Amino acid sequence: MKKLRIGVAGLGRAFAVMASALGDPRVELVAAADPRGEALKKFKKDYGGRCYGTVEDLCADPAVDVVYVATPHELHAAHARLAASAGKHLLVEKPMALSLDDCRAMIDAARKAGVALVVGHSHSFDAPILHTKKLIESNSFGRVRMITALDFTDFVYRPRRPEELATGAIYNQAAHQVDIVRLLAGAKVRSVRAFTGDWDAARPTEGAYSCLLGFDNGVFASLVYSGYAHFDSDEFMGWVGEMGQKKDPKEYGLARKALQKARNEVDLKSSRNYGGPSFRETRSAAHQHFGLFIASCEKADLRPLPTGVMIYGDSKRRLDRLPRPRLPRVEVIDELYGAVVEGRAPLHSGESAMATLEVCLAIRQSSREKRDIFL
């Protein structure tokens with residue numbers, strides 16, 4: 001079995017929640033780049049890989065087959081193009097980039113270099129979502145007609161760098177929902193009507209949105225998101241958190257309280273990142289998720305859950321149970337390995353990720369201009 005040798009660009013939060021999947025036997029972590037010495041020290045201890053202070057040096061490592069771009073959003077385009085020019089295959093965190101021009105440049109760089117480009121993780125990789133897509137494609141329940149998505153979290157009160165607050169929930173969170181509804185609808189988004197909320201002067205960012213998407217095959221989808229740390233929609237998921245971990249509903253308001261106590265927000269974030277003194281690995285008890293989704297077909301409603309997919313048919317309901325995940329986010333490795341080693345076109349390609357970003361940008365534009373946006 002060929003083993004893909006992965007070099008990680010950025011050892012922050014994204015890497016921390018992908019690390020378990022990168023323990024898959026088909027891949028090997030061989031190198032990392034990060035400006036934080038404490039993160040590199042922990043990486044060396046955990047994986048024995050080579051450590052670099054810059055992404056340029058990482059990309060120059062001849063032993064690296066794939067560069068996992070997990071740096072801040074605004075650096076994705078430059079780092080992806082750098083890796084592609086060095087002949088490395090690409091796994092890029094969502095959002096792919098912050099502009100469509102940057103997305104096009106990344107796609108062109110990968111195509112010119114003849115390397116694979118996979119964008120993720122987003123929650124459209126989650127096994128229950130992929131199984132819902134499979135059920136829709138089976139034609140057992142008629143055509144999908146409507147999709148409903150809803151998620152209420154504490155996003156706004158998690159510690160952020162200033163540039164993260166600037167990008168807000170649209171870039172950071174809507175990418176998940178848009179990716180999922182695009183996958184389930186199986187068509188191109190043609191129209192967007194949206195509203196966004198910025199309701200806390202102490203946290204100036206888009207912390208909520210509601211939008212209606214129209215697809216060119218007649219499917220329509222409603223997306224609702226709030227990151228203001230009041231209602232927690234994990235209540236709808238049996239108190240299983242986004243990372244598949246068990247949650248205690250008694251731990252209400254922890255994010256807001258921790259932020260209020262912090263003397264320095266950036267220091268608080270750094271302390272929780274990989275290599276920081278407060279870093280804790282999240283352990284999954286079930287499949288990961290991004291809140292409530294219901295795909296309404298002509299003969300059933302399909303609802304992905306952390307344990308499988310509920311099927312609400314004409315006369316009965318049942319759970320299509322899925323086995324517990326072997327590794328969290330292993331679906332990303334499945335797709336990356338398929339693209340690089342087996343030559344299969346990735347589902348989460350650069351073109352797909354650019355289409356998701358186009359919708360996210362349209363959500364902002366629609367809210368700002370108070371009109372429908374046609375794509």
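Tutor: Before we start, contact means heavy atoms within 4.5 Å. This is a predicted model, where local features need pLDDT of at least 70, side-chain atom pairs count only at pLDDT 80 or more, and totals for chains, interfaces and linings use all residues. Residues are numbered from 1 along each chain as its sequence is written, and side-chain values use heavy atoms, with hydrogens and water left out.

Student: OK. What does Val192 contact, leaving aside neighbours within four places in sequence?

Tutor: Val192 contacts Leu212, Leu213, Val359, Ala362, Ile363, Ser366, Arg371, Asp372, Ile373 and Leu375.

Student: And which residues touch the most other members in the largest nonpolar core?

Tutor: Val192 is one of them, along with Leu213, Phe215, Leu223, Leu302 and Ile363. That core has 50 residues. A nonpolar core is a set of buried Ala, Val, Leu, Ile, Met, Phe, Trp, Tyr and Cys residues joined through side-chain atoms within 4.5 Å. Buried means under 20% relative accessible area, exposed over 50%, and partly exposed in between (1.4 Å probe, protein chains only).

Student: What gives the most to this core?

Tutor: H7 does, with 10 residues. Helices (H or I, at least four residues) and strands (E, at least two) are DSSP runs, numbered from the N terminus. A second, separate core has 31 residues, including Ala16 and Phe43.

Student: At what angle do H7 and H11 pack?

Tutor: About 125°, with the axes 9 Å apart. H7 is residues 162–185 and H11 is residues 350–369. Axes are lines fitted to C-alpha atoms, for helices over the stretch in contact, and angles run from 0 to 180 degrees between N-to-C directions.

Student: What does that make H7 and H11 to each other?

Tutor: Oblique. Under 35 degrees is roughly parallel, over 145 roughly antiparallel, 65 to 115 roughly perpendicular, and the rest oblique.

Student: Which residues in H7 and H11 meet?

Tutor: H7 brings Ala166, Ile170 and Tyr171, among others. H11 brings residues including Ala355, Val359 and Ile363. By class, the contact has 12 nonpolar, 3 polar and 3 charged residues. Ala, Val, Leu, Ile, Met, Phe, Trp, Tyr, Cys and Pro count as nonpolar, Asp, Glu, Lys and Arg as charged, and the others, Gly among them, as polar.

Student: New topic. Is Pro62 buried or exposed?

Tutor: Exposed, at 74% relative accessible area. Pro62 sits in the loop between helix H3 (55–59) and strand E4 (66–69). Beyond four places in sequence, Pro62 contacts Arg5 and Lys88.

Student: Ser271, buried or exposed?

Tutor: Ser271 counts as buried, at 14% relative accessibility. Ser271 lies in helix H9, residues 265–272.
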